[in-house]
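Subject: Structure handover: side-chain contacts

Hello,

Please find the structure below, for your own work. My notes on its side-chain contacts follow.

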Amino acid sequence: LPRYFVGVLDKDSGQMEVYNAEMFNMQPLLSGGTCWVLPPGLYVPPALSCSMGLVLSWVTRVLQCVSPAQVDLCIEAFGTSKQKRALSSRRMNAVGSDIVSTAVTKAAANIIDAKGVTALMQDVAQDDVQTVSAFLPPCHEDADRPEHVYKFEDILSPAEYEALRVPAAALAGATAEDIAKRAEERSHCSFVLEELKFLPADEKSRDHKARCLWFLDTLIKFSHLKVIKKKHPMGPECPHIISRKLMKNFTSLTYNNGSVQNLVSASMRAKITAYVIVLALHINNFQTDLTVLQNDMKLQESRILDIAKALRLKVSKAKGVPGLESDQNHKLGTLSLPLPVQKAPVGQRKRKKMN
């Protein structure tokens, strides 16, 4: 609904004072002089009827003294149909709000009496942990070795690992010239290009690392997508079982323009980031440069550090690797036993003020 104001102009100073006002339908009475009938209790003397400016000024001053209850009475008596409907709706909402507020307060009091404040705080902390854990690989806290905390089989099943043999063969057989050409074409992310320089000489170990690097590079490229429109978004060279894994585990279903679409949402990007970090840990003997992965995935540093800490990594500072800014302080993530105690988030980070 619109708001109404009355302006009173001072002709001497040329300034106008503006007052809040309500819209009334006033009707003239012609018995013994002209006057204006207002809601009960309000009356404009006939002497003021000669000057509309004076009448408005007088009405403005009177309205300043009217209580909200009196205004509601005015609307009931003289308001338009639209104003009366708004008044009725406001009153119903007020009653409904009071009922809901009372019910919520009573329910909260019953829960607190039944469980106690300490138990409720523990439940909230556990809910926060479970919410974060839903996007992390399965964690085996009782593991006796770092490689058993996040098992490789939870990242890639045996069938998926076998399917990577063919597409990863090109990486396994890459020569120094091939790696230099790939770096010039930026056909892979920085992490993969750097690790290709240090492929093991042993054929079995070389093949294993190549498969891991190919899948990690595919995960990072997949995280840059938004709405998946193609049946094979990563190209025909991507095995069908890997495409199905990406669509099933790392996208959210959304309904748009009458059809269901697969969306790489913010939460799915966080999940992909967690799996990329764990895979990088397996590649680099459970210590990896988080800053390189952050730049490849185009994330803020605070975002990847939050995910790394949720994965129970120890984060430390380290000098950057060649190929990135020499003055950039790199963050190193290390998975070691015993695992750090997982803490529930105590609050949201303060948002930056936008100019």
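Searching the whole structure, which is a predicted model, turned up two aromatic pairs. In one of them, Phe 152 and Tyr 161 have ring centres 5.8 Å apart and planes at 85 degrees, so the pair is edge-to-face. Phe 152 is buried, at 14% relative accessibility.

Phe 250 and Tyr 275 also form an aromatic pair, with 5.3 Å centre to centre and 85 degrees between the planes, again edge-to-face. This pair links distant parts of the chain, 25 residues apart: Phe 250 is in the loop between α11 (240-249) and β7 (252-256), while Tyr 275 is in helix α12 (residues 266-283). Phe 250 has a relative accessibility of 1% and therefore counts as buried. Tyr 275 is buried too, with a relative accessible area of 11%.

The charged end of Lys 271 lies over the ring of Phe 250, 5.6 Å from its centre. Over the ring of Tyr 161 sits the charged end of Arg 211, 4.5 Å from the ring centre. Arg 211 also belongs to a network of salt bridges that links it with Glu 162, Arg 165 and Asp 207.

The salt bridge count comes to 10.

- Glu 194 with Lys 197: the closest N and O atoms are 3.5 Å apart. Glu 194 is buried at 17% relative accessibility, whereas Lys 197 is exposed at 51%.

- Glu 195 with Lys 209: the closest N and O atoms are 2.9 Å apart. Glu 195 lies in helix α9 (residues 190-195) and Lys 209 in helix α10 (residues 203-223), so the bridge ties together parts that are 14 residues apart in sequence. Glu 195 is buried, with a relative accessible area of 11%, and Lys 209 is buried at 11% relative accessibility.

- Glu 301 with Lys 331: the closest N and O atoms are 3.5 Å apart. Because Glu 301 is in helix α14 (residues 301-310) and Lys 331 in strand β11 (residues 330-334), this pair ties together parts that are 30 residues apart in sequence. Glu 301 is partly exposed, with a relative accessible area of 33%; Lys 331 counts as buried, at 14% relative accessibility.

Regards

Methods:
Residues are numbered from 1 along each chain as its sequence is written. This is a predicted model: local features need pLDDT of at least 70, side-chain atom pairs count only at pLDDT 80 or more; totals for chains, interfaces and linings use all residues. Side-chain values use heavy atoms; hydrogens and water are left out. Rings of Phe, Tyr and Trp (its six-membered ring) pair if their centres lie within 6.5 Å; planes under 30 degrees apart count as stacked, over 60 as edge-to-face and the rest as tilted. Buried means under 20% relative accessible area, exposed over 50%, partly exposed in between (1.4 Å probe, protein chains only). Helices (H or I, at least four residues) and strands (E, at least two) are DSSP runs, numbered from the N terminus. A charge sits over a ring if NZ of Lys or CZ of Arg is within 6 Å of the ring centre and within 35 degrees of the ring normal. A salt bridge is a side-chain nitrogen of Lys or Arg within 4 Å of a carboxyl oxygen of Asp or Glu.
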